[in-house]
Amino acid sequence: EIAAVVTEQVRRSPAVLLTTGGTGVAPDDRTPEATAPHLELELPGVAEAMRARGLASTPTAAMSRGLAGFSGRTLVANLPGSSGGVRDGLAVLDELLDHLLAVHSHGGGH
């Protein structure tokens, strides 16, 4: 079901698409697999920064398999399902979002 929702939302081409949950190691945690086919430009450093922010307070943040990247003009980021994981991910995105969107939409440059 998550794959259908991600596909539909990416088709709508919002500036940002955030998912929450489904990034762990449980058998039904499939959000990264639903997201990956849509990412034309992966941003592994952003995903790693979100995990690193979480690792500062909890070792389980290392279990997140969330992805980040662009699908067309849409920045897609998978946030964990925990409220702390969401806070950590949003804190990282808050620092990067304006720059990511500006540089990507203008074809590069600063």
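These legends go with several close-up views of one predicted chain.

The model is predicted, so local features need pLDDT of at least 70, side-chain atom pairs count only at pLDDT 80 or more, and totals for chains, interfaces and linings use all residues. Residues are numbered from 1 along each chain as its sequence is written, and side-chain values use heavy atoms, with hydrogens and water left out.

View 1. Helices (H or I, at least four residues) and strands (E, at least two) are DSSP runs, numbered from the N terminus. Follow the sequence and the pattern reads α-β-α-β-α-β-β-α. The C-alpha trace spans about 35 × 30 × 20 Å along its principal axes. The radius of gyration is taken over C-alpha atoms, and the globule rule is 2.2 Å times the number of residues to the power 0.38. For 110 residues, a compact globule would come near 13 Å; the chain has 13 Å, which agrees.

**View 2. The largest nonpolar core has twelve residues.** A nonpolar core is a set of buried Ala, Val, Leu, Ile, Met, Phe, Trp, Tyr and Cys residues joined through side-chain atoms within 4.5 Å. Buried means under 20% relative accessible area, exposed over 50%, partly exposed in between (1.4 Å probe, protein chains only). Core members include Leu 43, Met 50, Phe 70 and Leu 100. Two or more residues come from each of α3 (44–55), β3 (68–71), β4 (74–79) and α4 (83–105). Apart from this core lies another, of seven residues, among them Val 6, Leu 17, Leu 67 and Val 76.

**View 3. Met 50 belongs to the largest core.** Contact means heavy atoms within 4.5 Å. Not counting residues up to four places away in sequence, Met 50 touches several residues, including Ala 68, Ala 77, Asp 88 and Val 92.

**View 4. Ala 47 lies in helix α3.** Is Ala 47 buried or exposed? Ala 47 counts as buried, because its relative accessibility is 4%. Leaving aside neighbours within four places in sequence, Ala 47 is in contact with Gly 66, Leu 67 and Ala 68. Arg 30 is 17 residues from Ala 47 along the chain, and their C-alpha atoms are separated by 16 Å.

**View 5. Thr 31 is found in helix α2 (residues 31–35).** Its relative accessibility is 5%, so Thr 31 counts as buried. Which residues does Thr 31 touch, not counting residues up to four places away in sequence? They are Ile 2, Thr 19, Gly 21, Gly 22 and Asn 78.
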